[in-house]
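Good morning, and thank you for joining.

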Amino acid sequence: MRLTSAAAYLATAACLGSAGQSLAGPAATNDYPTSARADYVFACMKTNGETQKALDQCSCSIDVIASLLPYDAYVAAATVASLNQEAGQIGGMFRGATVARDALARLRRAQAEGEIRCF
């Protein structure tokens with residue numbers, strides 16, 4: 001099982017490394033699939049209320065995130081965020097990896113910017 005964990009760790013690290021390289025310039029604003037944007041908006045509305053105002057704010061927020069972070073980097077960081085919640089060795093590998101922490105920090109900065117501009 002250690003070999004599988006190590007392989008998963010290396011695959012994710014490689015993905016995060018390539019995602020970090022794509023951050024050199026501004027992200028294309030339409031590289032996020034509609035389903036990913038809708039997923040974000042649904043989750044955001046669950047947190048902020050299911051109102052027209054929340055729909056507008058949450059839609060604005062994902063647009064800001066998409067303008068700051070390429071989709072591949074968003075997916076990698078969201079994966080890290082999910083794996084950070086895992087207990088034990090697998091979660092520890094992601095919490096301790098610098099590349100994973102950096103990817104998560106970029107996502108959180110983009111989310112904070114979305115909150116500032118939209119809420």
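The largest pocket is lined by Tyr40, Tyr74, Ala78, Ala81, Gln85, Leu104, Leu107, Arg108 and Gln111. Two helices, α4 (71-84) and α6 (98-118), each give two or more residues to that lining. The largest share comes from α6, with four residues. The space in the pocket amounts to about 220 Å³.

The terms require care. The search runs on a 1 Å grid over the protein atoms alone; a cavity is a set of points where a 1.4 Å probe fits but cannot get out, whereas a pocket is an open set with protein on both sides within 12 Å along at least five of seven lines, and a lining residue has an atom within 4 Å of a point. Grid points are joined across faces, edges and corners, and the volume is the space filled by probe spheres set on the points. By class, the lining holds six nonpolar residues, two polar and one charged. Here Ala, Val, Leu, Ile, Met, Phe, Trp, Tyr, Cys and Pro count as nonpolar, Asp, Glu, Lys and Arg as charged, and the others, Gly among them, as polar.

On provenance, this is a predicted model, in which local features need pLDDT of at least 70 and side-chain atom pairs count only at pLDDT 80 or more, while totals for chains, interfaces and linings use all residues. Residues are numbered from 1 along each chain as its sequence is written, and side-chain values use heavy atoms, with hydrogens and water left out.

I turn to the overall fold. The protein chain contains six helices and zero strands, and from the N terminus its elements run α-α-α-α-α-α. Helices (H or I, at least four residues) and strands (E, at least two) are DSSP runs, numbered from the N terminus. Of the 119 residues, 32% count as buried; buried means under 20% relative accessible area, exposed over 50%, and partly exposed in between, with a 1.4 Å probe and protein chains only.

Consider α6. Which residues of α6 are buried? They are Ala100, Ala103, Leu104, Leu107, Ala110, Gly114 and Cys118. The arc is taken over the directions from the helix axis to the C-beta atoms. An α-helix has 3.6 residues a turn, so residues three or four places apart point the same way. On the other side of α6, Arg108, Arg109 and Ile116 are exposed. Arg108, which also lines the pocket, has a relative accessible area of 52%. Arg108 and Ala78 are 30 residues apart in sequence, with their C-alpha atoms 9.9 Å apart in space.

In α2, the residues Ala36, Arg37, Tyr40, Val41, Cys44 and Met45 are buried. They cover an arc of only 165 degrees around the axis, which puts them on the same side of α2. Ser35, Asp39, Phe42 and Lys46 are exposed on the other side.

Why does Arg37 count as buried? Its relative accessibility is 14%. The side chain of Arg37 makes a polar contact with the side chain of Asp63, at 2.5 Å. Such a contact is a pair of N or O atoms within 3.5 Å; within protein, one must be able to donate a hydrogen and the other to accept it, and residues adjacent in sequence count only if both atoms are side-chain atoms.

Ala38, also in α2, counts as partly exposed because its relative accessibility is 27%.
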